[in-house]
Amino acid sequence: MESLGCKGAGLTLKELAKEYMKQWAGRDTNQPIRVKYWVDVLGPQKLVNITESLIETELKNLENAQCKRGDGVGETALLDKTRSPATVNRYASVLSSMMRYALSKKYIAVNPTSKIKAKTLNNKIVCYLSDSEREALLTTCKQSSWDQLYLLVLLGMTTGMRKAEMMNLRWSDIDFSRSVAMLALTKNGEPRHCPVPSITMDELKKFRQVGDGLIFPSKIIPSQPIEFKKHWFKALSLAGVSNFRFHDLRHTAASYMIMNGVDIYETATILGHKDVQTTQRYAHLSTEHISKANERAMASVFN
């Protein structure tokens, strides 16, 4: 291959990953984790030997493997489920980005990920908390040994902010006079102002500080966000809420908005969706909610 002008075909994926991450300037905190995964499974392989077939095999292994989650410092726990198509697509996207970089540097002549199809997603499935689940979860959050868990969960549940947006939120980002959180760094790269309802603002004020410190700092390293997984999973367990991810708080917020009369475009603006089509997954909730309301009304008239 090198005789054909591919100067880096003899590079290993591990070597490519190191070079790739040095120039990577993205904000996704999961990117290094996903790059490390590919280094773990394909690290010793030379780029010239990484084929479409090999990648598809590894993606299948990834899809069928049990999920893991953090379970204390340096520890992980196996979960009784496999990875979702969306998760597999994210890992595939990272490898594809690495290979596009290799192609741009002329390390390879062909990108082996270019013909690999993404897994089909069912974006119509929306997981959100029922009224009873919400009440149970908030109750257990209040009882947590971490005194800010209730605030964090309430913030996610009432604003639809992403986890990274909340964990990087600083006191100087909160406009208490207008009840707005000013998000400078968002997933789509554009700043936005996120309204914060009074119930959440009241809770925020209990912890209010002067300056630009993090709202949810680590007690060990205050300049970094706290790692709260063990508190979150304990609260879920005590509340009896299963199959619910932290990101589903964002879906919960969006669902509550739609079911209570906030239109698609307003919801998209609050959530920071660049494309309203992303918000359309919640549209059916509005129809269902209106149908149930009409059913109750007609039942009271004709019964």
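## Basis and overall make-up

The model is predicted: local features need pLDDT of at least 70, side-chain atom pairs count only at pLDDT 80 or more, and totals for chains, interfaces and linings use all residues. Residues are numbered from 1 along each chain as its sequence is written, and side-chain values use heavy atoms, with hydrogens and water left out.

The chain holds 13 helices and 5 strands. Both are DSSP runs, numbered from the N terminus: helices are H or I with at least four residues, strands are E with at least two. Of the 303 residues, 40% are buried. Buried means under 20% relative accessible area, exposed means over 50%, and partly exposed lies in between (1.4 Å probe, protein chains only). Take the contacts between residues at least 6 apart in sequence: 63% of them join residues at least 24 apart. A contact means heavy atoms within 4.5 Å.

## Helix α4 and the residue after it

Helix α4 covers residues 85-104. Its 20 residues should span 28 Å at 1.5 Å a residue, and its end C-alpha atoms are 28 Å apart, which agrees. The expected span is 1.5 Å times one less than the number of residues.

The buried residues of α4 are Val88, Asn89, Tyr91, Val94, Leu95, Ser96, Ser97, Met98, Met99, Tyr101 and Ala102. Their cover includes α1 (13-23), α2 (31-42) and α3 (52-64). An α-helix has 3.6 residues a turn, so residues three or four places apart point the same way.

Lys106 follows α4. This residue is found in the loop between α4 and α5 (131-142). Lys106 is not a glycine, yet its phi is positive, about 65°. At 56% relative accessibility, Lys106 counts as exposed.

## The β3-β4-β5 sheet

Three strands form an open sheet in the order β3-β4-β5, with antiparallel pairing. β3 and β5 stand at the edges, each with a single partner strand, so one side of each has no neighbour in the sheet. Strands pair if DSSP finds at least two bridges between them.

Strand β3 (residues 174-175) is joined to strand β4 (residues 180-183) by 2 bridges. Ile174 is partnered by Ala181, and Asp175 by Val180.

The β3-β4 hairpin has 4 residues between its strands. Ser179 is found in this loop. Ser179 is not a glycine, but its phi is positive, about 55°. At 26% relative accessibility, Ser179 counts as partly exposed.

## Packing of α6 and α8

Helix α6 (residues 149-159) and helix α8 (residues 198-205) pack at about 155°, with axes 10 Å apart. That makes α6 roughly antiparallel to α8, a label for angles over 145 degrees. Axes are lines fitted to C-alpha atoms over the stretch in contact, and angles run from 0 to 180 degrees between N-to-C directions.

From α6, the contact uses Tyr150, Leu151, Leu154, Leu155 and Thr158. From α8, it uses Ile199, Thr200, Glu203 and Leu204.

## Thr252 in α10

Thr252 is found in helix α10 (residues 248-259). This threonine is buried, with a relative accessible area of 0%. Leaving aside neighbours within four places in sequence, Thr252 is in contact with Cys127, Tyr128, Leu129, Met157 and Phe244.

Note on methods
Angles under 35 degrees count as roughly parallel, over 145 as roughly antiparallel, 65 to 115 as roughly perpendicular and the rest as oblique.
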